[in-house]
Amino acid sequence: MNTFDLNLSDDLFTIEGCNADEGEKLLRPHTTFLKDAWRRLRNNKIAIAAMCLLILIALYTLFGTMICGYDPTKMSKEMNQAPSLKHWFGTDKLGRDLFARVSIGGRVSMLIGVVGALITTLFGSIYGSVSAFIGGKVDAIMMRFVEIISSIPYLIVVIMLSLMMNDSGVKSILLALCIVGWCQTARLVRGQVLQLVNSDYVTAARTLGVSNWKIILRHMIPNTMSVIIVNLTFRIPNYIFSEAFLSYVGLGISSPDTSWGSLASAGKENMFFHPYQLFFPALMIALTMLSFTLFGDGLRDALDPKLRR
Amino acid sequence: MKKLLTALACALLLMALAVCACADGQEITVYRTNEPTTLDRVAATIDEAGKFILWDASEPLFRIEEGATVLSGAESYSYDEATMTYTFTLRDNKWQDGVKVTAQDYLYSFQRMVDPKNAYGYISDIYCIVNAEDIYAGKMDVSELGVSAPDEKTLVIQLNEITPAFLEVVPLYPQRQDFVEAAGDAYGIDVDKFISCGPFKLTAWEHNSYLTLEKNDQYWDADNVKLDKVTVLITNDAEAQYSAMLNGTLDYCRFTSSNYINTFLNDDRFQVEDAVLPTLTFVLFNGNDDLLKNAKIRQALSLAIDREFFVEAMYEGIYPPAYGLLSSAIGINGVALRDVAEEPVKALAEANPDPKALFIEGLTELGMDPDPSKITLTFSISSGATTDDTIALYQAMWGETLGVNVVADVSEWASFWSDCKAGDFQIGTLAWSGEVDISFLFNLFLTDSAQMPCFTYSSEFDELVIKANKSMDADERLALYAQAEKIMMADLAAIAPVCYRVQKDVLNSKIKGWDFNVFSTAGHRHVYLDD
Amino acid sequence: MLKYILKRILYMFFVLLIVTTITFFLMHFIPGDPLTAMVQKLPEQTKINYYAKYGLDKPVYIQYLVFLKGIFTQGTLGESIRFPGRNVMDVLQKYSGFSSEIGLVAVAIGFVIGVILGTLAALKQNKLPDRVLGVIAILGISVPVYILGTVFQYLFTVKWPLFPTLGWGTPAHKVLPILCMSFAPLATYTRYMRSSVLDVINQDYITMAEAKGLSFSQVVRHHVLRNSILPSLTILGPNVADVFTGSFVIESIFSIPGLGSYYITAVNDRDFPMIIGCAMFYTAIYVLSLLVVDILYVIIDPRIRLAQDK
């Protein structure tokens, strides 16, 4: 129907007037950024489910040995047994209960994964945003520095650190991974921030006299949050795998500590005959990854101001 | 469309022909776990893989076949006891390009070996030859070496001391001077930089992937070499080897896990054979350490190892537990030491049924607190697939039986070994392989050579071993070595033997003529396929 | 633009020099040298001869200067110590070629397919395709590559003998390794792409473009892709460089003559010339790929100005 055909005349309309108070009425309850984010997250069922799974996994790594009652380092004569009511995940080739082993392995893996990822992401994000924000020569120098650090062959760094610190445990691996790992996040964030640095609201904020730090913290980082979070959810399993790779080459965690990566590595030997020895650590890695990813997605959706509903 | 179909048909036909050719041809595929560093037999870094290829691609004067030393490149030889001189008469053999193999070629190889610029690593094997040591140290000229070639078919080697295992130990390989000089440092690293005078010649080499050897028609015994082609794959992954064996990519593989073996045992397509290796896995004690300098402490630690449990847990019982230095693979002329002497640590165990009491005795002798739970031992080990399990086992065994604490110190091989040699450790573990020469493992413990970093010495041991090394009487030697073994393994417990190694060889059931002896240098010249 | 590229190439040499120096000295301070890697105790004389032959008896800084001299005067990186006679430069050239035939192809496949799948997932957000792709992406990264390799090897060469198990030489030898190595990049790029596309399609200018009347595919091609591909590109750079050393695992399993196994063997054996050679190569590729990515940044997103234009 053509609007021009409507016979609109003035007597079809009455003037309601305007209510000055209505203009000021807040349609939504007052809330801070974080509160709002939390509310949105809560409504995302999948993210909540993922968070619950993560909590379950964390509980498993903390209390798994207590639940099944076995000592993960105790060897027995029941070697290479398939999962049963007695040993829920079966036993490994030295007769140790796998449910307990995977549980304590989780502590190391999660520690390396989460702490490592958090540290590198935090440091990398700040470094990258500062570098892009200041720009110019400082940006160039800071990025060259990043290139140099990330170009050093990380195997050599790992060997050096484990020798210098005189132990090949969690600390030296974590340190080595962090030293080389923050570079990727820095580059990523720098890329995103470069895109934002010339946008209008940043120019506006600068004109208004907002200090550089505040701009970075309150404008840049929240807007690059999605990339940072996705990166974070990748880093965690990435670090778990890096540790697994180091175990494969011979530089990983040593007994009596263990990690999901070393367990998977050890399980590979018996893969064709006792596949459960490989299956359970790999399953834990997969579930952890899945949960972090879904949770990360939900977190991203919740924190992204543009998706506000 | 018609063209496409024709092309396709031709391709399929060719493929079918190729498959048929493969099925009928005398070709086998074997493997090595490492890429050979070089095929230059006298290079500084020649390794086991390189030596393996050379059994096929070169012709030494003698070979070890089925445990016996047989003439190969040499037609005959004589040994003069008075002058300690060997005289070899060569066969008529040719290099793959038709040029005759002469005694000069063997002499050239020796000259390169002793040349100090070459830095040949196993030089101590030929110190028995007159002037070899001085030449290597740079004190004399290469021309003064006690090896000469008076004519094309005669090689004369003069020794300066009695060397019972000379024929087995010394590398008697020829090299072509013109080829070596043309290639320089790069001799032996590629097909075009190498020449063969053995049963096979090298026709392809893709580094880190595979080598191909094909029958050498110029070989003196070419009529009796039935294989046309041997492909050597370089693969270090056990599961990959398993898959390759199952689908016929590999015709031979060596496994240690009984899981894998069971798959092949009941399958007619494969044959399975056992062989005991000359390798000993042991625990190394640092005799200079404040705690371990006491023999009773070392004995107690040795006895506290539950060897049966260890091999069951680590190797599913495939490896035999070790209570002595030599496995049943090592002996003299087919008589193993184990055939004439009981393993000494067994007697030690019977005499000392309570290792903990022995340990406390040792502590008291040292004037230390006799409570084992106050002791923390540092256990050094190099990183590898079984490191974790090994550490866990020793922690359990010594912890439960003796009540001590054990902490592990893991480092990768190069660091671990350099620490051991420097005496920078308390307890370590590693494996060492013996050789066809029975004296090899014993010589490691001699006070002078001190190659075994156990820092425990015995002049009585030295006397016995040196005397045995100088005798040409097999029975006398075995008796002397047995006594020496008892001193080092039981009385002094310089090291604690843990287990020997057994290999399970799985082969394609069509393979015949395979030599399963662990010291064999026969190569593949007697192997053939037969349905 | 040209000035910028030249400046960056100069920076590249500078970075290469610094990293090489750091690696050189780090390497020499780790205990062990090529000789200690060999088991048998060598006679004193051999050791002396050996060290002299390779110049390892001189103090570290002299060795460094000799090394530099070799590069600048003869253009050579020396010879491997563990594998005598093998020229490091030749090894790098030849075997990086093999590694890249597997690795680069895998990364390329992963990138292209990952970008497509990621975009699809984002456009059908929270519907079935998104969920399915999400799970595939997770699996791709969760399963360690050595497990994937062994399983595929067994499945496709023993259970269903379609491909050769080991070795190198025909295109058939490349299929399984490439397949195994492409899972991880595929999953990675799918995730990154999905995330950044989601960001972009909620922007105002996309709504504007749709309102203008542009067709859906036009919108995706002209606006969405360009704006969302940057994070994936950022990861691509280091990914490409990692391929040369990270492919070690697949190379071991499938007996592929690649650079990865040379590198790992060299580190374990302390083969100094080979370690430095590989490290320099890796650094050069890495820095080069970063340069390429930075240039692509400018081409793709005009908002990003080159450093000196500000």
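A cavity is here a set of points, on a 1 Å grid over the protein atoms alone, where a 1.4 Å probe fits but cannot get out, and its lining residues have an atom within 4 Å of a point. Grid points are joined across faces, edges and corners, and a volume is the space filled by probe spheres set on the points. By this rule, six cavities of 30 Å³ or more are counted. The model is predicted: local features need pLDDT of at least 70, side-chain atom pairs count only at pLDDT 80 or more, and totals for chains, interfaces and linings use all residues. Residues are numbered from 1 along each chain as its sequence is written, chains are lettered from A and ligands numbered from 1 in the order in which they are written, and side-chain values use heavy atoms, with hydrogens and water left out.

**Cavities**

The largest cavity has a volume of about 1,500 Å³. Its lining comprises 50 residues, and those nearest its centre are Asn238(A), Ser242(A), Asn239(C), Asp242(C) and Gly246(C). Helices (H or I, at least four residues) and strands (E, at least two) are DSSP runs, numbered from the N terminus. Helix H9 of chain A (residues 212–249) gives the most to the lining of the largest cavity, namely nine residues. For the residue classes, Ala, Val, Leu, Ile, Met, Phe, Trp, Tyr, Cys and Pro count as nonpolar, Asp, Glu, Lys and Arg as charged, and the others, Gly among them, as polar. On this basis the lining of the largest cavity has 36 nonpolar, 12 polar and two charged residues.

The second largest cavity holds about 70 Å³ of space. Residues of chain B line the second largest cavity, among them Leu39(B), Arg41(B), Trp95(B), Tyr173(B) and Phe194(B). By class, this lining divides into nine nonpolar, two polar and one charged.

**Interface of chain A and chain C**

Contact means heavy atoms within 4.5 Å. In these terms, 56 residues of chain A touch 56 residues of chain C. The buried area, which is the accessible area (1.4 Å probe) that two parts lose on being put together, summed over both, is about 5,400 Å² between chain A and chain C, and carbon and sulfur atoms give 69% of it. On the side of chain A, Arg187(A), Gln195(A) and Phe234(A) lose the most area to chain C, together 12% of what that side buries.

A salt bridge is a side-chain nitrogen of Lys or Arg within 4 Å of a carboxyl oxygen of Asp or Glu. Three salt bridges are found across the interface of chain A and chain C. Arg187(A) forms a salt bridge with Asp294(C). A polar contact is a pair of N or O atoms within 3.5 Å; within protein, one must be able to donate a hydrogen and the other to accept it, and residues adjacent in sequence count only if both atoms are side-chain atoms. Two residue pairs, both at pLDDT 80 or more, are in polar contact across the interface of chain A and chain C. The elements of chain A that give two or more residues to the side touching chain C include helix H4 (98–134), helix H7 (170–196) and helix H11 (276–303). H9(A) supplies the largest share of that side, 11 residues. The side of chain A that touches chain C has 32 nonpolar, 14 polar and 10 charged residues.

**Interface of chain B and chain A**

Here 25 residues from chain B and 24 residues from chain A take part in the contact. About 2,000 Å² is buried between chain B and chain A, with carbon and sulfur atoms giving 55%. Four salt bridges are counted between chain B and chain A, and one pair consists of Asp237(B) and Lys268(A). Four residue pairs, both at pLDDT 80 or more, are in polar contact across this interface. Helix H7 (238–246) and helix H14 (387–402) of chain B are among the elements that give two or more residues to the side touching chain A. H14(B) gives the most to that side, with seven residues. The side of chain B that touches chain A divides into 11 nonpolar, seven polar and seven charged residues.

**Salt bridges**

Over all chains, 36 salt bridges are found in the whole structure.

| Salt bridge | Distance of closest N and O atoms |
|---|---|
| Arg187(A) and Asp294(C) | 3.5 Å |
| Lys268(A) and Asp237(B) | 2.9 Å |
| Arg190(A) and Asp139(A) | 2.9 Å |

Arg190(A) lies in helix H7 of chain A and Asp139(A) in helix H5 of chain A, so this pair ties together parts that are 51 residues apart in sequence.

**Chain C**

Chain C has 13 helices and zero strands. The C-alpha atoms of chain C fill a box of roughly 85 × 60 × 30 Å along the principal axes.

Definitions and conventions
1 Å grid on protein atoms, 1.4 Å probe; cavity = no way out; pocket = protein on both sides within 12 Å on 5 of 7 lines; lining within 4 Å.
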